[in-house]
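Dear colleague,

I am passing on the structure we spoke of, with some notes on what was found in it. Please have it open beside this message as you read.

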Amino acid sequence: MATPSPVKPEVSTARSSTPPVSWAWILQRFSGLLLLVFLAGHLWVEHFMNARVDVIASRLTHGIYDTLDIGLLIVVVYHGLNGLRGILKETLEGRAVWLDYTLSCLGIVTVVWGVDILWAFWYHRPFLIF
Amino acid sequence: MTVTVRIARTSGEQVFAVESLAQQTVLDALFYIQNELDPTVSFRCSCRVGMCGSCGMVINGKEGLACRTSLKPLGGDVTLQPLRHVPVIKDLVVDMEGFFSKYRMIEPYLQPRSEIVAPIVAPLDSHIRQEIDLGLECISCGLCLSACDVVGMVPEFLGPAALNRAYNLIADVRDDKTEERLRVVGQSRAGVWQCHTHMSCVEVCPKNIAPTRAIAHLKRTLIRRRVVGPKKRPIPKLQRILQEEI
Amino acid sequence: MPHKHTRGYKAFWAHRVSGLLILGYLYLHLCLLSAVLLPSGSHDFNAVAKVVEQPIFIVADLVLFAIILVHVLNGLRLIVADFGWMIRENRFAIWLSMAVGAIMVLIAVLTLMPHLVG
């Protein structure tokens, strides 16, 4: 059984500071709503608007569709890894700063990887992966 | 009818056969067991009418007040366990210190603003009263803390009852400690951000309070404070509000 | 006796597990695209398209769609709850969101039926 430990306030109770908010919590909601828009666009462009593969590939060399996919990529990576962070933070003691660094690096690598895949539709081969 | 009552005692599960009348409650069955079958069975109770909050326990896997739970709908088989997330002292008696220490962290009493020198009553039909009335009924029975699986995962979490009380005091314009209270409820591990909106507390509350609503309100208040700053409640305006409504 | 968990608690786990599955799918999606685009890969999207039009992949797509819907609709319910709405009606809200999801999956199944039956 989990026995509640005596809890001390983590934050200073000095009058000057504004009460804390969790930006991770707020941004998770906003990115979730944004994802809904991007995902609907992604599914529409890639699966419903003329779903022939060569048409999709040529369409992906147009800025507007690329913007849609890069936007989706950035937001989905943020939302997914932020959710994972929330799960891991629950079990980790303290602030676990290393976790934030690790997940940030993973996020940046994933976005670069995804952009590289989109790049391949312009130049017919990825820039980074040889 | 004969009811089989299984009690998760400190010494292990013990089964009792209880002759019960229609309309009897779980607490009646416990009294019968203590008086007629085994005087060593321990449980807490006081008012017997659901207003003191002493007899909270887990009845057939769900939190409830023994005095407000009828035996009949439970069928012939009743399992009684002590509340979760608090240490067991004996049988169905738990140590509520963990629950009340969380309560104490938010200083659960009105600390009036210095400009209020005489008692100010918020009338029953006033806007202020309607805002805080929704959560005032709490009898601190601890059922919500037991039902809250977030407390199971993160033991520091203040829990539904304390956060609901904090919300009541923060929503009350007569209270002076809004900033301090918000700083306590906004903490990352113990505070409102930890709530996963399971709403288990809402489902078990014997007083039909919705602590999740209070927690959602606290989250929005904290965000509004950060984005647009605290709502200014100057003295003349406060007096005007209260005088208009009184 | 095991604790009787509330519907909101079960919805929480459905949300968490579906979220992790979708995150796993994101990496699978990137890996597959990379494999095709690699110089040693086929570069032939039409050949890939032939493969993924087999019924088994269509079924997998439908399962993915259902998992995404669980996460999306549950997420929307949580945002609604953050505004203090549908809190006492939470059990109905969960039922409603899953019913909407079921209808959308049904529409997807009917749309993809020609691919499923070959």
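In chain C, helix α1(C) passes α3(C) in a left-handed crossing, a term used when the near helix is turned anticlockwise from the far one by less than a right angle, clockwise being right-handed. The model is predicted, so local features need pLDDT of at least 70 and side-chain atom pairs count only at pLDDT 80 or more, while totals for chains, interfaces and linings use all residues. Residues are numbered from 1 along each chain as its sequence is written, chains are lettered from A and ligands numbered from 1 in the order in which they are written, and side-chain values use heavy atoms, leaving out hydrogens and water.

The axes of α1 (residues 7–37) and α3 (residues 55–82) of chain C come within 9 Å and cross at roughly 130°, the axes being lines fitted to C-alpha atoms over the stretch in contact, with angles from 0 to 180 degrees between N-to-C directions.

In chain B, B:Asn168 lies in helix α6 (residues 160–171), helices being DSSP runs of H or I with at least four residues, numbered from the N terminus. B:Asn168 is buried, at 3% relative accessible area, where buried means under 20% (1.4 Å probe, protein chains only), exposed over 50% and partly exposed in between. The side chain of B:Asn168 reaches the backbone oxygen of B:Gly135 at 3.0 Å.

Chain A has four helices and zero strands (E runs of at least two residues).

Terms used:
A polar contact is a pair of N or O atoms within 3.5 Å; within protein, one must be able to donate a hydrogen and the other to accept it, and residues adjacent in sequence count only if both atoms are side-chain atoms.
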